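Take a look at the sequence and the 3D structure below.

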Amino acid sequence: MQFITAVSRFILPAITLIIIIKCILSLWLGHPKEKTYGYIIDMIKGERYALNMWETSIGRGASCDITLSYDNVARTHAVFTRRIDGWYIHNINYVKWKKLAEIEGRLSRSSRKNTSSIIKVNGVKVEDKATVSDGDIITLGNVRLRFEVADDPVQKAGKRRKKSKDTVPAPVRQDMPLYDIDRRQEENGSYTVEAPERHTAPKKSSQPKIINKDTGEAFILCGNEVTIGKGRCDIKLSSRHAAKKHALLILYEDGWAVSDCSGKKGTYLNGKLITSPQLLFSGDVIAIGDERLFYEGGRR
Amino acid sequence: MTRKKRLEKGLAASTMTGGDRIRRKYKYVDRAFILTMLTVFQLVSFIPVVFSDGKVYFKIILQLLFYISFEWFYVGVMRIFVKKVNFELEFIAFFLSGIGLCLTASVNKDSMFKQLITVIAGILVYDILLWYLQDIKRVMFIRTPLAVFSLLFLGASFVYIRLFVGQINGAYNWLSFSGFSLQPSEFVKIAFVFVGAASLDKLLASKNIYMFIVFAMGCIGVLFLMKDFGTALIFFFTFIVISFMRSGDLRTLVFICAIALLGALQIIYFRPHVAARFASYRHVWEDIYGRGYQQTRVLIYSVSGGLFGVGIGNGCLRNVYASTTDLVFGLICEEMGIFIGVIIVVAFASIAIYAMISSRSAPSTFYSISACSAAAMILFQTCLNIFGITDLLPLTGVTLPFISQGGSSMICTWALFAFIKAADVRAYPKIYKTN
């Protein structure tokens, strides 16, 4: 018996050491490699943000995982979540927004200026949360983002995507313009979502255009993006103060907006320096260097 | 292996980076090897228990064989039916529970059976909780009902204990029915972690921790009324960890700590009998036969054990009251040696680090927060126990996770391990396809 005690005094610590070290090393070092599950592409600046986590917050604030520095984006705007049955986007400010809309609706039914917490997936407004899939266009405030999936959990798990009752279906219709939505619903302050209807092409006479005040040239805006600058741009400028690619006109669902991409030189809208994309209204003057551009066409 | 396969394997190996190689090497431990090691450890450690007092205890042999076969059976079933490959956390828990069983059996032969039942119950709770935690929607749904229920349960059990049971060891924390007793505070620990953690969308949508503060203060308040100061302290510490992980706001936490400190000073000032309970702290050598009896015995005997111990059953601490519950770390140091004692502490600390590592890639912030807070809870409890019995902190009478004798504590610690495990994507091989 004494012999066993004497031997066990040394065997037990040795076995303890082996078990604990082996298990701990595996716990610490055996983690699967971190992956990129998807991408968010800022369609204004063209920046690409990788989604490395299962839950990613997005907003203007510095505490968000993805920071978008636009005025129309809320501090914490949305959360992308990767669940077993697919990707979701959550409207973080939904409850707050709903309350605000109720109060505003009571005060004046027609005016609702707060657009900062709007989320749209392919033009369909998101209430609480919605499913998103590869290639979807997501609008936060008035910033358009493109969502790309790098690693689809649905395909991986070999399951069919389940649509829960509380989620808003987000139809992916590439052939359909994204800006023609029944806005009456929105103006009334109610948030029922209707599927976008097929867009009918606007008449040519109502096409928005940019008129160069100095040269008198008119440029009809078509497509989704129009570049302005000294270099290879759609609207060419001759001013030496202009950058090669100075500004960008982007088509939103609310209409055309101007965004600066010159950096230091700056773009002025009606005499004010712009820091984020600004919607254009008929009669607006865009000043680049010493050239003046008129916008004509009205808000959609 | 065919030549083609060998070539493919070689090609895959040649494109691997250093990190990949390490990851592949430590992806999982050799299950059979660790199980064999566990079996050898448990057989060797139980020899002096089975053959003590010149008798052979067949009852203990049967119980030991049941425990060992249960370990093999559990791993086998999980491997075949759940396709699980990672059992590291379970192995550590099996190992620690084995030590607890051995020491319990060596001090009191009759109490091993009860302890064994609680270990099995703990493992069942662990697996049920792990299954429940796999769906985040299900988890988020139960939080509010659980918070209300656990507060009511804690309050009701306090009233019941106050009316029908009375004080046990100076606290109102034992809920006993006919011959069966449990500590309600241990079960509320699980609810505490559940309620504290939340997924990112819920966390950012509410942006405040008021409801959680109300819940935490309710729990801590009832624990104070129960005079269970050790558990109240563990709850407070976990509350700070959870609050920090939820908000990341250090200023609020400093504010909360300052208020708590002021509150504690007030209690000591206006209720001197609370302070009197901790009067022996740092003065244990002045009253070695009275208030400092337990701590001084732990200090003397654990040193006399030396590096490799005096052998199981040969120690003197076993004759001191609560040697298998609160003072069990002293018993390990004396009979199994300080070496094993230190490894056990290192294991608890490593599990906390593991929770931090796995929380970075967890499938939701719920898992990150719950894993870190559960690990912090276990680590803090370990510290409070070990430092308490060695007079580095006041003796508060909390248990050493897994090792101390006691059913509620055992089941609770297994449940907390489920939270730690759930943060690791390797815990659900069928869902996340980690194999």
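In which sense do strand E12 (residues 209-212) of chain A and strand E13 (residues 218-220) of chain A pair, and over how many bridges? They pair in the antiparallel sense, over three bridges. Bear in mind that this is a predicted model.

**The strands of chain A**

Begin with the hairpin of E12(A) and E13(A). Five residues lie between its strands. Gly216(A) takes a positive phi there, near 80 degrees. Lys209(A) has Ile220(A) as its bridge partner in E13(A). Lys209(A) also stands opposite Glu296(A) in E22(A).

Strands of a sheet pair through backbone hydrogen bonds, either parallel or antiparallel. Both senses occur in an open sheet of five strands in chain A, where the pairing is mixed. The order of the strands is E15-E14-E16-E17-E20. E15 and strand E20 (278-279) of chain A stand at the edges. Each has a single partner strand, so one side of each is left without a neighbour in the sheet.

| Strand pair | Sense | Bridges |
|---|---|---|
| E12(A) and E13(A) | antiparallel | three bridges |
| E14(A) and E16(A) | antiparallel | four bridges |
| E14(A) and E15(A) | parallel | two bridges |
| E16(A) and E17(A) | antiparallel | five bridges |

In strand E15 (residues 235-236), Ile235(A) is the bridge partner of Ile228(A). Val226(A) stands opposite Leu249(A) in E16(A). Leu249(A) in turn has Val258(A) as its bridge partner in E17(A).

**Chain A as a whole**

What does the secondary structure of chain A come to? There are four helices and 22 strands. Chain A has 300 residues, and 35% of them count as buried. Take its contacts between residues at least 6 apart in sequence: 51% join residues at least 24 apart.

How confident is the prediction here? Chain A averages a pLDDT of 75, and 76% of the residues score at least 70. Over residues 109-113 of chain A, the pLDDT is below 50. That stretch has six contacts in the model beyond near neighbours in sequence. Residues 158-205 of chain A also have a pLDDT below 50, with 67 contacts beyond near neighbours in sequence. Where pLDDT is low, the predicted coordinates should not be read in detail.

**Where the chains touch**

Chain A brings 41 residues into contact with 50 residues of chain B. On the side of chain A that touches chain B, helix H1 (2-29), strand E3 (55-59), E5 and helix H3 (153-157) each supply at least two residues. Which element gives the largest share? H1(A) does, with 22 residues. By type, this side of chain A divides into 24 nonpolar, 10 polar and seven charged residues.

**Chain B and its helix H7**

The secondary structure of chain B comes to 19 helices and two strands. Its radius of gyration is 23 Å, close to the 22 Å that the globule rule gives for 435 residues, so chain B is as compact as a globular protein of that length. Its C-alpha atoms fill a box of roughly 80 × 65 × 40 Å along the principal axes. Of its 435 residues, 48% count as buried. Among contacts in chain B with a separation of 6 or more, 70% come from residues 24 or more positions apart.

Helix H7 (residues 136-165) of chain B deserves a visit. Where does it kink? The kink, of about 35 degrees, lies at Arg143(B), shortly before the proline Pro145(B). Arg143(B) is also one of the buried residues of H7(B). Others that are buried include Val139(B), Ala147(B), Ser150(B), Leu154(B) and Phe158(B). An α-helix has 3.6 residues a turn, so residues three or four places apart point the same way.

What do the buried residues of H7(B) pack against? Their partners in chain B include helix H6 (112-133), helix H8 (184-196) and helix H17 (365-389). Strand E5 (78-83) of chain A is also one of the partners. After H7(B) comes Gly166(B), with a positive phi near 90 degrees.

Terms used
Residues are numbered from 1 along each chain as its sequence is written. Chains are lettered from A and ligands numbered from 1 in the order in which they are written. This is a predicted model: local features need pLDDT of at least 70, side-chain atom pairs count only at pLDDT 80 or more; totals for chains, interfaces and linings use all residues. The bend at a residue is the angle between axes fitted to the seven residues ending there and the seven starting there. A residue is buried if 20 or more other C-beta atoms lie within 10 Å of its own, exposed if 12 or fewer, and partly exposed in between; C-beta atoms are placed from the backbone. Two residues are in contact if their C-beta atoms, placed from the backbone, lie within 7 Å. pLDDT is the predictor's confidence in each residue, from 0 to 100. Ala, Val, Leu, Ile, Met, Phe, Trp, Tyr, Cys and Pro count as nonpolar, Asp, Glu, Lys and Arg as charged, and the others, Gly among them, as polar. Two strands pair if DSSP finds at least two bridges between them. The radius of gyration is taken over C-alpha atoms; the globule rule is 2.2 Å times the number of residues to the power 0.38.
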